Amino acid sequence: MKIFTSAQTHELDKYTIENEPISSLDLMERAAKALTRVIVDTWTSNTPVVVFAGPGNNGGDALAVARMLAEQDYQVSVYLFNTHGSLSPECATNKRRLQDTRRLQAFTEVTQEFEPPRLEQGMLVVDGLFGSGLNKPLAGGFASLVKYVNSSAAQVVSIDVPSGLMTEDNTYNVRANIIRATLTLTLQQPKLSFFFVENQSFIGQLRVLDIRLSQEGIAKMDTIYHVVEEQQVRSSLMSRNAFAHKGQMGHALLIAGSYCMAGAAVLAAKACLRSGAGKVTVLSPRCNIPVLQISVPEAIVQTSGEETIYAEAVDTEDYSALGVGPGLGQSEQTAVALIAQMRSAQCPLVVDADALNILANHRAWMQQLPKGCILTPHPTEFDRLEGHSADSYERLTKARNLAARIKGYVVLKGHFTAICLPDGNVLFNPTGNAGMATAGSGDVLTGIITGLLARGYKSLDACVVGVYLHGLAGDLAAQELGEESLLAGDIIKYLPSAFKRLKE
């Protein structure tokens, strides 16, 4: 699924109007019907409704929704804000249509002073003040109205975008002046800002409504932002030859673990094996050998001789993929061995956890990373690498730049993990849940991606399939176990079910 900027959304509306063809007013009516249908399905006609409409097309949508709700016997009071004496043509037409509706409880056009209505628990506010075209923070009376709505006990449904929230960059926005919606009903495509953690308190529950904008227009329009779809993952899955043997399924090397951190190596190794790799070798200090051999008997265990740390690079000529970092520690000996290991890597490389932290402490080493490598930082690890970011938009921008700079992939982990490609494109992953916010979850992802690389997946496919499978396995685990009790090992346990679901 494509994610468009506000300017592109406007162009898509225009393309639909010209090529369907359909009038702008009829397209607004179509959107209003979809919006009204959800509201009617969610709130009964006993719910008092207060509609706040702005002077633009978002306000026009709100006025059309108000009319349709009134016609279905809802008690609707409408406030249309026209402080500059200028309504969009569609908003003006819907104002006239609304005024012709006899069932409307009250209609007020605000041109100067405004006395806000009483908003109480059990009431519904329809927020149609400003939509996706907003390009600056709300101020003055609108900011006061937003604060008033947010301070009330009423529930709020926002049309397309919570008023005050911009669709892309909110770095310099005034967050106190953004509507906190109970439910956001966005039209046709999700907005980029919906994928950022700091905006979730404004969006509430999100529903994407299909208002039948031109599929031809969507297909023609280029964008750098996409949401991974299940069919895309299905089509990328590799099949096994009936006569295959383990030597043809790839040999993965995991460099992981240090004293008291054997668990990270165990989780990564189990996940790697569950991802289809024919063989997995774990390179870990001597102190971890008994734990690994007992916990993961299917894996080969190797040591470079040190008792508690990884301190010597090994030849990777015989391996199909290399994953480094889980539980590795950050001693100077480990750091020196790590850069030598990465610099001489002869196979696809995944860099995670302490390997990323070592790079953050030796920034000059970043330019020695092999082309096509995959970095898998969580936000804190990324900020150590690239400096503090004010918000998720700035962090994502930096991640895109980093992927281009190293000519590799940056898997920026989060609720919507962002896979940043070397060509500047970004793929957001839709699977996963809050139960996966648990120690070891990232080690499992490293194992999965490394296993897929060893299995023969190209770097891009290993990232997309790996992140999707990781989240899907977590979702299946949460369905059975609940989010609160989910462990990293449960993600591994449900990996076979995730593969099976996709292959079915």
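Is Phe-114 buried, partly exposed or exposed? With a relative accessible area of 24%, Phe-114 is partly exposed; here buried means under 20% relative accessible area, exposed means over 50%, and partly exposed lies in between, using a 1.4 Å probe and protein chains only. The structure is a predicted model, in which local features need pLDDT of at least 70 and side-chain atom pairs count only at pLDDT 80 or more, while totals for chains, interfaces and linings use all residues. Residues are numbered from 1 along each chain as its sequence is written, and side-chain values use heavy atoms, with hydrogens and water left out.

A search of the whole structure gave 10 aromatic pairs. Rings of Phe, Tyr and Trp (its six-membered ring) pair if their centres lie within 6.5 Å, and planes under 30 degrees apart count as stacked, over 60 as edge-to-face and the rest as tilted. Phe-114 pairs with Tyr-79 in an edge-to-face arrangement, at 5.6 Å centre to centre and 75° between the planes. Tyr-79 belongs to strand β3 (residues 76-81) and Phe-114 to the loop between β4 (106-110) and β5 (124-128), so this pair ties together parts 35 residues apart in sequence. Helices (H or I, at least four residues) and strands (E, at least two) are DSSP runs, numbered from the N terminus. Tyr-79 is buried, at 13% relative accessible area. Both rings also belong to a cluster linked by ring pairs, made up of Phe-52, Tyr-79, Phe-81, Phe-114, Phe-130 and Phe-142.

A stacked pair is formed by Phe-195 and Phe-428, with 4.6 Å centre to centre and 20° between the planes. Because Phe-195 sits in the loop between β7 (183-187) and α6 (200-203) and Phe-428 in strand β18 (residues 426-428), the pair ties together parts 233 residues apart in sequence. Phe-195 counts as buried at 11% relative accessibility, and Phe-428 does too, at 2%.

Attention then turned to a polar residue. Ser-284 is found in the loop between β11 (279-283) and α10 (289-295) and is buried, with a relative accessible area of 3%. The side chain of Ser-284 makes a polar contact with that of Asn-288 at 2.9 Å; such a contact is a pair of N or O atoms within 3.5 Å, where within protein one must be able to donate a hydrogen and the other to accept it, and residues adjacent in sequence count only if both atoms are side-chain atoms. Leaving aside residues up to four places away in sequence, Ser-284 touches Ala-256, Gly-257, Leu-292, Gln-302 and Thr-303, contact meaning heavy atoms within 4.5 Å.
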